[in-house]
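This report is for a reader new to the structure shown below. Please look over the sequence and the model before reading on.

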Amino acid sequence: MGRKNRAPKASSRQASSLGNAHFRADGAPKTKYSSEREAASAAHMRWVEDKVELNVYPCEFCGGWHMGRPSRSG
Ligand SMILES: [Zn+2]
């Protein structure tokens with residue numbers, strides 16, 4: 001018996017959850033900010049100009065910061 005036990009599930013870990021934080025819904029990467037301060041400043045500009053409320057969060061995918069919409073149903 002020389003059958004080897006390969007693990008087919010190994011490739012489907014982490015990528016999706018991290019990718020969700022890094023990529024937009026259309027597949028393009030989000031704008032990366034190098035610090036929380038930069039991201040917060042950009043989010044504030046969006047609020048001032050467009051009245052769009054955005055959260056900022058650290059991204060484990062690229063190590064930077066991104067803006068995103070608050071998770072709110074409605
Ligand atoms: Zn990222």
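## Overall layout

This is a predicted model. The protein has 74 residues, of which 7% are buried. Its secondary structure consists of two helices and two strands. Read from the N terminus, the order of these elements is α-α-β-β.

Contacts can also be sorted by how far apart the partners lie in sequence. Of the contacts between residues at least 6 apart in sequence, 47% link residues at least 24 apart.

## Confidence

The mean pLDDT of the protein is 84, and 74% of the residues reach at least 70. Confidence is highest in α2, with a mean of 97, and lowest in α1, with a mean of 74. In residues 10–14 the pLDDT falls below 50. Beyond near neighbours in sequence, this stretch makes zero contacts in the model.

## Helix α2

Helix α2 covers residues 36–50, which is 15 residues. From its first C-alpha to its last it spans 21 Å, close to the 21 Å expected at 1.5 Å a residue. Just after α2 comes Lys51, which has a positive phi of about 55°.

An α-helix has 3.6 residues a turn, so residues three or four places apart point the same way.

## Two residues in the loop between α1 and α2

Tyr33 lies in the loop between α1 (15–22) and α2. Is Tyr33 buried or exposed? Tyr33 counts as buried because 20 other C-beta atoms lie within 10 Å, and the cut-off for a buried residue is 20 or more. Leaving aside neighbours within four places in sequence, Tyr33 is in contact with Glu38, Ala39, Ala42, Gly64 and Trp65. Among these partners, Glu38, Ala39 and Ala42 fall within the range of α2, residues 36–50. The C-alpha atom of Tyr33 is also 9.6 Å from that of Val56, a residue 23 places away along the chain.

Pro29 is in the loop between α1 and α2 as well. Pro29 has 13 C-beta neighbours inside 10 Å and therefore counts as partly exposed, since a residue is exposed at 12 or fewer and buried at 20 or more. Not counting residues up to four places away in sequence, Pro29 touches His22 and Phe23. Of these, His22 is the end residue of α1 (15–22). Gly19 is 10 residues from Pro29 in sequence, and their C-alpha atoms are 9.0 Å apart.

Terms used. Residues numbered from 1 in each chain as written. Predicted model: local features only at pLDDT ≥ 70, side-chain atom pairs only at ≥ 80, totals over all residues. Helix = DSSP H or I, 4+ residues; strand = E, 2+ residues; numbered from the N terminus. Expected span 1.5 Å × (residues − 1). Contact = placed C-beta atoms within 7 Å. pLDDT = per-residue confidence, 0-100.
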